[in-house]
Amino acid sequence: MSGASSRTGTSTGEYASVEYLLAKRAILREFKAGQIAKSDLCDAHPDLIRAAKAVGVPSGEVCEVCQVGDIVHISYAFGPKLPAHGRCIAGSDELAKLRANFDEFTCYVVEVCPECHWNHLVRRF
Ligand SMILES: [Zn+2]
C-alpha cells in the first residue's frame with residue numbers, strides 16, 4: 001500500500017475493480033435472463049442493510065435489480081487485528097484513524113440496495 005489518496009488507487013486496485021465490475025455485469029445478465037433468482041442476489045445481511053442506511057454513501061446509481069432503490073456504498077476494513085466480521089468505515093476520518101493504528105488491513109467496498117437488499121463487492125484496496 002502506497003499511502004496515496006484512496007481516490008487514485010494503484011493499478012492493481014483498478015484492475016481488481018474492473019474484475020468486480022465484470023462479475024457484476026455477468027450476474028445481472030444471468031438475473032435478467034432468469035437464470036438466477038432474485039432471492040439469491042438480494043441476500044444482504046440485516047447488519048449490512050442497517051449499515052447501508054446509517055453510514056452508506058449514496059452512489060447516485062439506481063439499483064439495476066429492482067430499478068427503484070438508490071445504491072449506497074459501504075466500506076469495511078478487514079485485518080489481523082480487526083474484528084473477524086470486519087469493521088465498518090463510516091467516513092474518511094475513520095479510514096485515516098485505521099491507517100494510523102493498523103499496519104495491515106484491507107478495505108472492501110460493497111454496494112447495497114436498501115430496497116431489495118442487492119449487494120455486490122465493488123472494489124478492494
Ligand atoms: Zn434494488
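In this predicted model, T106 is in contact with F78, G79 and R124, once its neighbours within four places in sequence are set aside. T106 belongs to strand 4.

Strand 4 (residues 106–112) runs antiparallel to strand 5 (residues 119–124), and five bridges join them. Within this pairing, V109 stands opposite R123 of strand 5. Six residues separate the two strands of the hairpin, and H117, in the turn, has a positive phi of about 70°.

**The nonpolar core**

The largest nonpolar core comprises 18 residues, and I74, V112 and C113 have the most contacts inside it. Helix 3 (46–55), strand 2 (70–78) and strand 4 each contribute at least two residues to this core. The greatest contribution, four residues, comes from strand 2. Beyond four places in sequence, I74 touches A51, A52, V55, G56, C88, V110 and V112. In soluble globular proteins, nonpolar side chains tend to be buried together.

**Overall organisation**

The protein chain contains four helices and five strands. Read from the N terminus, their order is α-α-α-β-β-β-α-β-β. Of the 125 residues in the chain, 20% are buried. Among contacts with a separation of 6 or more, 57% are between residues 24 or more positions apart.

**Confidence**

The mean pLDDT of the protein chain is 86, and 87% of the residues score at least 70.

| Element | Residues | Mean pLDDT |
|---|---|---|
| Helix 1, lowest | residues 11–32 | 83 |
| Strand 1, highest | residues 57–62 | 95 |

Over residues 1–10, pLDDT stays under 50, and the model has five contacts beyond four places in sequence for this segment. Where pLDDT is low, the predicted coordinates should not be read in detail.

Terms used
Residues are numbered from 1 along each chain as its sequence is written. This is a predicted model: local features need pLDDT of at least 70, side-chain atom pairs count only at pLDDT 80 or more; totals for chains, interfaces and linings use all residues. Two strands pair if DSSP finds at least two bridges between them. Two residues are in contact if their C-beta atoms, placed from the backbone, lie within 7 Å. A residue is buried if 20 or more other C-beta atoms lie within 10 Å of its own, exposed if 12 or fewer, and partly exposed in between; C-beta atoms are placed from the backbone. pLDDT is the predictor's confidence in each residue, from 0 to 100. A nonpolar core is a set of buried Ala, Val, Leu, Ile, Met, Phe, Trp, Tyr and Cys residues joined through C-beta atoms within 7 Å.
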